[in-house]
Amino acid sequence: MTHIPQLIIDLAVILGVAAVVTYVFRKINQPVVLGYIVAGIIVGPYTHPFFSIVDVNSLKTLAELGVIFLMFALGLEFSFRRLAKVGISAAGTAIIQIIFMISIGLLTAKLLGWSNMDSIFLGCMIAISSTTIIIKAFEELGLKNKRFAELVFGILIVEDLAAILMLVALTNISMTASFNGLELLIASGKLAVVVGAWFLIGMFLVPRFVKKVGQQKNNEMLVVVAIALCLGLVALASYFNYSVALGAFIMGSIIAESPEAKHIEHLVQPLKDLFGAVFFVSVGMLLDPSAIINNLSTILVISFVIILGKMSSVTLGSIVTGQRIPVAVQSGFSLAQIGEFSFIIATLGTAFKVIDSKLYPIIVAASTITTFTTPYLIKYSLTSASNVENIIPKKLMNYINNYINWFQKFSIVEEKQKTNNLKILKWLLNLIVLITIYSLVSVFLEPQINIYIESEKLANFFSWLTAFILGAPSTWAMLNIFTCDTKNIHSKSSMRGKAIIQFLVRIITLLIIGFLSLNFIPSIITLSVIIVISLIFLKFFRRQVSAYYIWFEDKFKSNFNQESNSSNLEHVNSSLAPWDAHLIEIIIPYNSFLAGKKISDTNIRDQYGINIVGLLRNQNLFISPQPNETIFPQDILLCFATDEEIEKFKKDLEFSSNTQNKAKEIMDYCLQKFIVKNDSSLNGKLIKDTNISEKYHCTIVGIERNNIRIKSPKANCELFENDILWIVGENHMLEELRDNI
């Protein structure tokens, strides 16, 4: 008989058992992830040896590939531009929830008598909810288009990013076997520089390369290139002693900006599913049933802490960041579980042998319990939200509503602040570029120059000169990003403040250049002279350096995918308004009572309370369509409405729940807030006289005035100073509108 490697036999056993168990779990409407864990228990070393796995070491390698492909796929869905669109509410809620859960995890572990290391790992394990489980639950329950789902998806994006940072921090703690705040801060700084360098270099090279490969129309070549890039950065992350999950995630997020991202995500899906299954089975294999029985009381306590802690922290965090109680409660119920990241963190602690062996089965068992309860909590969250509203006294409810209204007005970011934030971001990115260039020259180029130049001082000078020339565009940018334009500044105090900021930023930039240069030229006097000469150089050659920097910045920006990336987390709007209403797309069936009618004749606003703000037809999206526009079968209406209004409308339309979100794949529209100021051209005008719809193709869908909300205001509604307008439109048209009102 032909001999085959034991790994193949083991893999056949694992996948065979997993196939049977997951089939049963699907039949009883339970998550597939639970099926994989149960399959792992069956084939693990703690059960009957009939299904036992022999080649455990090779299986660990396959499980490691499962982590890599899971994180790579997550990165492909991530996109850094989407993080910027998450909104204050989602970001704030995620941060509050993570801090609360880490704190309560540390407290619980201490009360249980665990060690400091076990306490740290437990806090991190229970802080991150499961993206996979929540998405699957929302799909099965048909809730992906609900108002609270937008907030949940935004929180998950921030949590995923926080989980990556946790993995890096825990890796550092595990390697040193201690927790030192200063060392962790230094390690975080190094991480920011290293990851920033990877991202900047990757964004400059990878999307353009992937696009070229994609133009060959060869799936085999495209998937090979994508996996090679992923594993390449994984190897680089390992070289710098960082988690392999970090490298896989970053490469996925870089490729996410390529036009081929969705295609690659589709091609990688089978690999993610296969090796992900092996990873989850390996999690179950490490579960000792006797350890679960012996620690059953601890498991129940931690499960209770996870469910109650996440429900309360997310609900409270949502309210604090401007969400109304129904949305806050439903979000809290949806996020009350832990999943794949907890397994990865537990595996990390086990691999470094820094946590007690009993912690692994405890956290996996707690994850299993919370995963099982998730669909039921989500299903009954709306009823619970109504009960919570009825319990709260009216006086307290008024205080909460007044606070939410105040917070939303307070959280509006003016264009001036957005410009300043962009300048700060540019300055920091150029700082990372500068540190990367000086570090690379010092580590790799300087030793080579020393071989050919006998004089050490001369070799160091040429090395520094190389770093300075390569970094000159970034140096120039850092010195001039905060340059104030005196023509547009009318106030002397404002001019003085901007001049002070510019002066301080330039001093800081020079100090950074000096600090980086000390590695080449240790003499302070010599260095001072050289920096002065360098500034003179930048002064005389500013046009050339400026042109090079502008070219580099344009090339960098051009690599960001301008197409709208639809995914399972696509439903995150640029601002998560606290209104019960939100944006949603609805397809018009052939037998619809709306087919053939003009928008003005549909009476949708009066009958359903729905405002039509966009219409998609034959791949063309029209924002703020005219009232005389005729609706045809298979048109997709972009509507602003509450969940209840949409449900009533969909029933009348015989709307199919399987309709894909096509509008967002065509046009990048969003919902934004505007304040009517005293000198605004909108102040005192009727909506119909503003010409916003005709000139900018935007629609006013809501007004906040003196803590009163007006949804879908009439055309003859007058606008007043300090009104907060909610307007839907294309991004570039909204920006143009903001500049002209």
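V728 is buried, with a relative accessible area of 0%; buried means under 20% relative accessible area, exposed over 50%, and partly exposed in between, computed with a 1.4 Å probe and protein chains only. This residue lies in strand β8. Helices (H or I, at least four residues) and strands (E, at least two) are DSSP runs, numbered from the N terminus.

Leaving aside neighbours within four places in sequence, V728 is in contact with L583, V613, I623, C670, L671, H697, C698, T699, V701 and L734. Here, contact means heavy atoms within 4.5 Å. The C-alpha atoms of V728 and F640 are separated by 8.8 Å, while the two residues stand 88 residues apart along the chain.

## Basis of the model and its confidence

This is a predicted model, in which local features need pLDDT of at least 70, side-chain atom pairs count only at pLDDT 80 or more, and totals for chains, interfaces and linings use all residues. Residues are numbered from 1 along each chain as its sequence is written, and side-chain values use heavy atoms, with hydrogens and water left out.

The quantity pLDDT is the predictor's confidence in each residue, from 0 to 100. Its average over the chain is 78, and 84% of the residues score at least 70.

## The chain as a whole

The secondary structure of the chain comes to 30 helices and 8 strands. Of its 741 residues, 53% count as buried. Among contacts in the chain with a separation of 6 or more, 81% are accounted for by residues 24 or more positions apart.

## A pair of packed helices

Two packed helices are described by the angle between their axes and the distance between the axes. The axes of helix α16 (residues 340–351) and helix α17 (residues 359–379) come within 10 Å and cross at roughly 175°. Therefore, α16 is roughly antiparallel to α17. Axes are lines fitted to C-alpha atoms, for helices over the stretch in contact, and angles run from 0 to 180 degrees between N-to-C directions. Angles under 35 degrees count as roughly parallel, over 145 as roughly antiparallel, 65 to 115 as roughly perpendicular, and the rest as oblique.

On the α16 side, the contact is made by F343, A346, T347 and T350; on the α17 side, by Y360, I363, V364 and S367. These residues divide into 5 nonpolar, 3 polar and no charged. Ala, Val, Leu, Ile, Met, Phe, Trp, Tyr, Cys and Pro count as nonpolar, Asp, Glu, Lys and Arg as charged, and the others, Gly among them, as polar.

## Loop residues with positive phi

K217 is placed in the loop between α9 (181–214) and α10 (219–239). Its phi is near 60°, a positive value in a residue other than glycine. With 72% relative accessibility, K217 counts as exposed.

N722 is placed in the loop between β7 (708–711) and β8 (724–730). Its phi, near 75°, is likewise a positive value in a residue other than glycine. N722 is partly exposed, with a relative accessible area of 42%.

## Cysteines

A search of the whole structure finds 0 disulfides, a disulfide being a pair of cysteine sulfur atoms within 2.5 Å. C230 is buried, with a relative accessible area of 0%, and C717 counts as buried at 15% relative accessibility.
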